[in-house]
Amino acid sequence: MTSRTDCNSSSSMEDTASSTMGDLTHSAALIQNAELSLSDDAEAATKQNEREALYLHNSCLPVNRLPPELLLELFLGYVRDPYKSSRVPWARLRGVCLHWSQFALSTPILWRRIDVYASSRWLALCLQNARETTMDVMFHARELPAADLCLLLPHTHRLRSLSFRTHISPEWMPTLLEILGGDLTALENLHYFPPPSEHHNLSHHLALTHSRTPLLHTLDLVGTRAPSDMALLSRLRKLSLSACSTDLTASDFLSALASNARLEVLELSHFLDNLSGRFNAPPSLREEGIALPRLRRLCLSDHSPHLTSVFLSLLRTPPTLNLNLSGDLGETEPDQIVSPIVWLLPPPSVRLSALPILASPTVTSITARLYQWFYEVHTDSLGSEKGSVSLEVLSANVNSWYTWLGQGIADVLDAFGSAQEVTSLTIYGDQASHSLTDWENVLRTFPKLEHISMVGTIGNSELWTVLQAGLDDDNDINGDNAERSSSVPYPRLKRIVYNGGVDATHAVCTDVLHCLRKRAERGCRLSSLELGFVHRSVSYEQMKAIYVPQFEAVVDWFAYLG
């Protein structure tokens with residue numbers, strides 16, 4: 001029989017064994033955790049060592065041993081690349097290595113340009129990282145809460161450029177006016193685009209003065225009040241005013257221009273009409289005019305052609321000017337419009353003094369679009385730095401110039417008749433009434449023409465009559481090439497595009513072929529000819545079968561446009 005003592009002893013041993021097993025299990029778990037921890041620590045330490053090794057390796061690379069000044073140029077060059085469309089193009093460079101990332105974060109000038117969209121987080125980050133460097137702030141959207149605009153208030157003294165790519169939100173106006181009323185001693189560029197007129201008082205004044213903005217050189221205002229501080233206007237390099245009201249008189253504005261020898265760009269739209277008084281140059285400049293020696297671009301639009309002409313007659317511009325003129329004749333009756341294009345230009349007595357680009361030897365190509373209600377003429381030069389001209393006139397009367405192609409051609413010759421290096425002339429139109437005399441005048445005015453294009457015009461084949469004048473006399477056909485080509489009218493002509501409203505009659509096709517054949521016989525064979533006719537008398541199939549082979553035989557390259 002088992003005693004109670006034996007039972008108690010057995011139970012005690014079992015409890016001890018169970019406790020021991022639990023301790024062993026806990027100890028094993030602790031050991032396992034310790035081993036895992038040591039493994040994690042070892043792995044972390046290994047990764048840290050790898051990072052340090054990579055950092056040391058990268059720091060020894062030549063590109064990472066560049067002086068900070070050169071590395072900054074590398075970053076800035078990446079920013080200036082026109083093919084980089086990212087808002088912050090240099091941000092990708094931060095991912096190259098830790099050194100570059102730290103460099104970007106610690107270089108204030110890289111945070112100078114701030115593009116603001118709908119969130120203020122990027123604005124706040126840039127303001128912080130730019131530190132005390134000057135900033136270029138550009139707003140691209142109106143969704144930014146007005147309260148967030150207050151972030152700029154402590155930094156107005158650092159604003160180098162402030163511009164708006166969209167209408168300003170009406171809710172921004174109180175804060176924005178406070179910003180523009182602050183310390184703007186670093187401001188160089190201001191592009192101001194106010195809310196739509198229904199939310200905006202066009203007469204409000206930005207109070208821009210030279211004393212408040214001593215460095216300002218680029219001013220672009222739309223739909224607000226133009227500054228009247230003469231010291232400010234006389235120091236600008238670019239002035240762009242569109243639909244701006246003003247306290248200035250015409251004489252004041254001309255005096256400001258006369259005192260500005262730095263002006264490079266002048267763009268005025270619907271502004272000259274708002275100047276009070278008459279346009280008279282200052283007495284000391286009435287003879288020689290207002291010289292603008294550095295002017296590269298002059299753009300005048302939304303003024304009456306007469307006012308544009310009067311204003312231009314007072315200026316003296318460089319021969320490398322890029323000139324863009326646009327006028328609207330409104331409801332002017334057609335019989336009151338003598339020369340639509342020339343009406344924009346200064347009178348002949350001062351035209352070339354005011355706009356020598358019209359006679360510049362760099363003008364080599366002229367394109368004219370002469371439609372029933374719209375005339376446009378523009379030139380191409382040997383290079384953009386050599387200057388260009390664009391003239392545009394609109395009429396509210398759709399049929400103003402339906403029969404005025406001849407007048408349009410005459411205007412082109414009147415405007416550019418002194419440009420003796422023109423080698424290409426292209427005319428687009430939907431008008432009629434051009435004559436043999438018109439084309440004689442064209443070829444006489446531009447004797448160096450090598451290329452003529454006439455597209456979409458309504459008329460007949462007067463051009464070919466002019467080109468074969470005197471070629472039916474065979475007395476000189478046996479001379480040498482020089483003698484034969486000297487008897488050909490306009491021997492430089494090498495390429496013609498003639499795609500208009502001429503009916504492809506047998507007579508027209510025969511006349512054109514005769515002209516081309518005679519010119520070829522005298523050594524003036526065309527290098528290129530593109531023809532397009534209306535098929536009323538001769539079908540397209542007949543044209544391709546009968547005449548196209550003959551045209552191909554008398555020119556170097558021929559294309560029938562149908």
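**Entry 1: chain overview**

I counted the secondary-structure elements and found 15 helices and 19 strands in the chain; helices (H or I, at least four residues) and strands (E, at least two) are DSSP runs, numbered from the N terminus. I note that this is a predicted model, in which local features need pLDDT of at least 70 and side-chain atom pairs count only at pLDDT 80 or more, while totals for chains, interfaces and linings use all residues. Residues are numbered from 1 along each chain as its sequence is written, and side-chain values use heavy atoms, with hydrogens and water left out.

I then looked up burial and found that 44% of the 562 residues count as buried. Buried means under 20% relative accessible area, exposed over 50%, and partly exposed in between (1.4 Å probe, protein chains only).

**Entry 2: salt bridges**

A salt bridge is a side-chain nitrogen of Lys or Arg within 4 Å of a carboxyl oxygen of Asp or Glu.

Asp 247 and Arg 225 meet through their side chains at 2.2 Å, N to O. The two residues are 22 apart: Asp 247 sits in the loop between strand 6 (238–242) and helix 7 (250–258), and Arg 225 in the loop between strand 5 (218–222) and helix 6 (230–233). I read Asp 247 as partly exposed at 46% relative accessibility, and Arg 225 as buried at 16%.

Glu 421 and Lys 448 form a salt bridge at 2.9 Å, N to O. Glu 421 is in the loop between helix 10 (405–416) and strand 15 (424–429), and Lys 448 in the loop between helix 11 (436–445) and strand 16 (451–455), so this pair ties together parts 27 residues apart in sequence. Glu 421 is partly exposed at 31% relative accessibility; Lys 448 is also partly exposed, at 26%.

Glu 530 pairs with Arg 495, their closest N and O atoms being 3.1 Å apart. Here the partners come from strand 18 (residues 528–534) for Glu 530 and strand 17 (residues 495–503) for Arg 495, 35 residues apart. I recorded Glu 530 as buried at 16% relative accessible area and Arg 495 as partly exposed at 33%.

**Entry 3: helix 5**

I asked which residues of helix 5 (residues 173–180) are buried. They are Met 173, Thr 175, Leu 176, Ile 179 and Leu 180. These residues lie on the same side of helix 5, because they cover an arc of only 160° around the axis; the arc is that of the directions from the helix axis to the C-beta atoms. I looked for what they pack against and found strand 3 (159–164) and strand 4 (189–192).

**Entry 4: Ser 269 and Asp 302**

I located Ser 269 in strand 7 (residues 265–269) and found it buried, with a relative accessible area of 13%. Not counting residues up to four places away in sequence, Ser 269 touches Leu 241, Ser 242, Ala 243, Ser 301, Asp 302 and His 303. The side chains of Ser 269 and Asp 302 make a polar contact at 3.2 Å. A polar contact is a pair of N or O atoms within 3.5 Å; within protein, one must be able to donate a hydrogen and the other to accept it, and residues adjacent in sequence count only if both atoms are side-chain atoms.

Asp 302 itself lies in strand 9 (residues 297–303) and is partly exposed, with a relative accessible area of 48%. I noted its phi near 60°, a positive value in a residue other than glycine. Most residues other than glycine have a negative phi.

**Entry 5: Arg 131**

I also found a positive phi, near 55°, at Arg 131. Arg 131 is in the loop between helix 4 (121–129) and strand 2 (135–139) and is partly exposed at 45% relative accessibility.

Technical notes. Contact = heavy atoms within 4.5 Å.
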